[in-house]
Every structure is written in structure tokens, then in C-alpha cells.
Amino acid sequence: MKHTVLILMFSVIVALSCQAQDVSSDEVLIKSIARDGEAEVAVPYTNDLIFSRIAENVSISKVRRDSIFIRLSPVTSGWFIKQKFNYRIIERRILSQDITAKSISGVNAWDSYPSYDQYLAMLEKLKSDYPAICQIDTIGTSINGKLILAIKISDNVSADEDEPEVFYSSTMHGDETAGFILMLRLADYILSNYGTNQNIRQLANELEIWINPLANPDGAYRSGSIITNPVRFNSTGYDLNRNFPDPSQPYGQDNIMQKETVEMVKFLRKHRFVLSANFHSGREVVNYPWDIYQYRSFKFRGSLHADDNWFYEVSRNYADMVHRYSPQGYMNGAEYGFDNGITRGVDWYPVRGGRQDYVTWELQGREITIELDDLRNPPYVTPPVELPLIWEYNYRSLLGYLEGAMYGIKGNITDAATSMPVEARIFIPGHDHDSSHVYSDTIYGAYTRLIENGMYNLKFSAMGYRDTIVSDVAVTDYEKTMLNIAMKREVRNIEFPLLFPNPVTVTLRAILKREMTGKVNIKIYNTSGTLVVNYDDVVSGENNPLYINVSGLAGGMYTIVFRNLTGISDSGKFVIARPVMR
């Protein structure tokens, strides 16, 4: 859908010289940020080095024609002003209270936004109306104390079943609100149709579906309990989608992981979703990994994901289904270099500290980013028709994407002697690289390896077990390939701590001896004896690994020391192997 007036407003960027912006413009920018919590500026795209410098230090909202659009907050405005870029301030729009529903029944028309209290009440009503298949879980709270919630939908919702977990999350940028309503409506649609629609029932019976409608409540409800002056950032001015660990910047923007990010990371690590997507607005495109990995300059492209073809196909399927039910021009973007509505992230512009790459890299998940609308805060018109149209264009694709988690290679990995679950690494030699492998879980030994059709050899590895290799495993599109593995133990004395994988690239797992259960201090030293990591964590029980992010450390050998409150300590050595640039 095209919004001519807004596009014209964004396009009126005067020809700028290479001289510094005058002081008065900087003062206007500072006052705008102080008043509104943020400001948007447009900078001419003059060369790739300037673009790279901007991408590494501030939040790019879009790249359009010859301009870079930047969102500035109190955290990043100082750096930006010191660079003395030429820029134009983009006029900010304050939303009308008319887009806020008067009641929950008004929200259920799906053409307006709930107040914060209405939002909480809506989720409680879903839980009470569908108690057998719906629960509400708390991911965490925002800095200002607002709840970050997730809706769980499954046939045995109170149980943790041997089923793939999938996750939808929206409005990490608080002013990109179309996905907020889309996710609420999707949850309502699945729940209300579970009893009558066979396809919906199959989704909920075979998957554990998690939906987080609002990941940044402080940004969306900045002005209070209704959405009138939303901002991209959280309450301290951080862009939450530039704040996740990733291979190039492991601790996010300015190395300060925000409260919302810390709690979302904990939630994601706990569930290790097989398939996920996060929703934004500002463009209309399906964006798939990588966003930043092995990025060195705008012209340089590093390694593609091992499953780049699979990512292309699922993104293509999403956009193609949208095109069948939307007017010509929606989710197309040829003028921005998109491939009829889809793009590899770094081919558009690099995102450092984004959630998509974090999930795909550290957690070996498969996540895409879906931009729903050219405008960040539809509707802008009366009557407010935009939000229902976004649903009509997208809901079939939303269901189809989730269905993809039911396919691929699946099974359970167990101990051949005891039938107990085994946490194993599933690796495809000659195919996997750069963290594209997957792991089985610790509860059922269950795994899902999403992959395009073909023939594959799989290698199963686990600490204390012999490697198991299975050859010529056939994968067919839209079918599941079941492959259960019984692993045989190696006969040897186990020395703690168990550190694996070793060598490691991103996440080191450590299993400590039984006496180390509880709070432990973790220190990592490099070969010269310098302390490079020092923090506390909790060992939750015997054989439960600690997950240690080492993506911010250079390649080489390290010593890791664990010490609990009673003074018992363990130490070991590990090697960080950095991938060779291709």
C-alpha cells in the first residue's frame, strides 16, 4: 500500500554541501530529542565508508534512494552531532487518540490499538476463554515496570511436550505497531478456530506456539497508557534490535544489554525455538539472515548461511502468498533492490546487534524479520482501514510459515543402554558451517533440522558418547523425515569440567561436577594471564550445562576457572576458532 503524502514528505531532502550543519540545527535536534524521546534525520548516502561508520554507531531505520534515514535517541545524538554530518530533520507525527479503542470490544474490530490496561485484559480473556489450549507467560518487565508477555498455544498447554517450539514477536521498536495488532489477532484467530478448522488444530497439536505481541511496551506506551507518542527506543534510549549479542558485537549497543534484552535472551535460551520471526514496520519486505555476519564494508559480503537456499525459499513462500491476496505493489520493493518482496539482510543494510542474527547464530534457530507496512504506525486515515488490510494480506502467510516447523529431519537422541535423552550436536559434514548445526534438547533428546530437500549425511556427537554417522538421509519438501538415534557411551573416566564444543566459536557449554551446583563465579584468562571475562552464574543441577558466550573474544586458547561460594573450584582450557573469511 502506498502513502503518497508521507513518501513525498520523506523524499523532500535538499541538496546538501559537505560543510558542517550549523549550530542552530543541532540545537533544534537536541530539543526535539529531549521533547519527543527521539528524532529522525536523513543523511546523504555519499560513500560506503560513511555508511559503514553510521551503521556501526547509530540506528538506521531505512535506506532509500540516496539517503540514509537515522533514528537518534539521547544515547546516540552526541556521537552523531560530533560527526558534523549534513542532515535534515524529518518532521515527527503525533498520533491521534482516535486510534485508541474505547473498549476491548472496540479492539476486537482490529482497526485500533488497545490501551495498556486493555491489552493486559485481552490476554487474560484469551486465557480464561480457552484454558485448555492457552496460557500467558511473563518474559520479563520493561525498565518502567510494564509486562512483556507471551501467549502459549498448544493442545496440552500446561505440559512441556516433545514438540517443536515456534515463536512470533512484535514491536521491539515501540513505534512499529502494526505487528502488535497482527499478533493479537493471530492468537485470537488460532484459538477461536481450533475447534472447527483442521489445519489450525494440527498446528496447535503438533507445535508449541508462542506469540509475544509487544516486546517494547515502554516505547509503545511512552506517553502513558495509550499509544499517541510512541518511540523506537526503550525508556533509556536504546534500540532493542541493536542490543543483542552477535558475532561482531557480542554485548550489543555500547556493550550495555538492556533489561528488556537480558530477559528476552534468557527466554530465548530457555526455549531454543526451532523457528521464529520478529515483526517491524517502515518497509514491506521479508528479511532473512545474515544481517551483519562477517560484514566488513557495505560492498563486501561474507559467508552465506549454510541454509541460505532454505531461508530464501521460506521467505519467497511468505511473500508469494501475500501477493496472492494483496493489491499490486504491496510487499514488492523493487525500487529498493528487493527481490519481489524479500531480501537478505546485509544486502539491504547491515544491522549490528539484531535479534535475527543472534537467534540464528548463538541459538542455532531459524529466524526472519518481517516488515509489514511502509508506515510505522498505521492507521493514518479515517476510517482506519489499514490494520484489517494488513491482516488480510498476511494471515495465511503467518500460518504457512509456522507450518514449516513440522517438516525437515526430526527425531529423538537417546542413550542406547538407558534410553535416557542425550543432548547431542547434529552436524551435516560438507554442508554446515558458521553455527548452522542444531542440538537436541535435554528433556526428550528431541531435535528438528529444517533444511531444503536433498540427500544428507548426518553426524551426531555428544560428550561421553561415540559419534554416530547416518548416511543418505532423504529430505522432501513439506514432509517430515523421522530419524531416531541411540548413542553408545565411550568407556573412559570423565574429567570435570566438561567443555564442549572445543574448539568453540560462539557458545561454550560447561558441565561441572555435582559439588558445584548453585551460584558460581566464572573467570576467563587469555594466554598472557589477563582476565578477560568475570561474572556470576547459577548451575541449576547435575549435568545441566552453563552456556558461556565467547563470541566477543579473539581466536586462541583460554583458561576458564569456576569457583562456588564454598571455595570449591574447577578449571579447564578451551580454544576459540574463528572462521576463515571467504
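**Salt bridges**

A salt bridge is a side-chain nitrogen of Lys or Arg within 4 Å of a carboxyl oxygen of Asp or Glu. This is a predicted model, in which local features need pLDDT of at least 70 and side-chain atom pairs count only at pLDDT 80 or more, while totals for chains, interfaces and linings use all residues. Residues are numbered from 1 along each chain as its sequence is written, and side-chain values use heavy atoms, with hydrogens and water left out.

Across the whole structure, 28 salt bridges are found. One of them joins the side chains of glutamate 206 and lysine 480, at 3.4 Å from N to O. Because glutamate 206 lies in helix α8 (residues 198-206) and lysine 480 in strand β19 (residues 480-482), the pair ties together parts that are 274 residues apart in sequence; helices (H or I, at least four residues) and strands (E, at least two) are DSSP runs, numbered from the N terminus. Glutamate 206 is partly exposed at 28% relative accessibility, as is lysine 480 at 42%, where buried means under 20% relative accessible area, exposed over 50% and partly exposed in between (1.4 Å probe, protein chains only).

**A buried pair and its network**

Arginine 242 and aspartate 239 form a salt bridge through their side chains, at 3.9 Å from N to O, and both residues are buried. Asp239 and Arg242 also belong to a network of salt bridges that links them with Glu176 and Arg232.

**A pair within one helix**

In the salt bridge between aspartate 129 and lysine 125, the N to O distance is 2.7 Å. These residues are four apart in helix α6 (residues 116-129), and therefore about one helical turn separates them.
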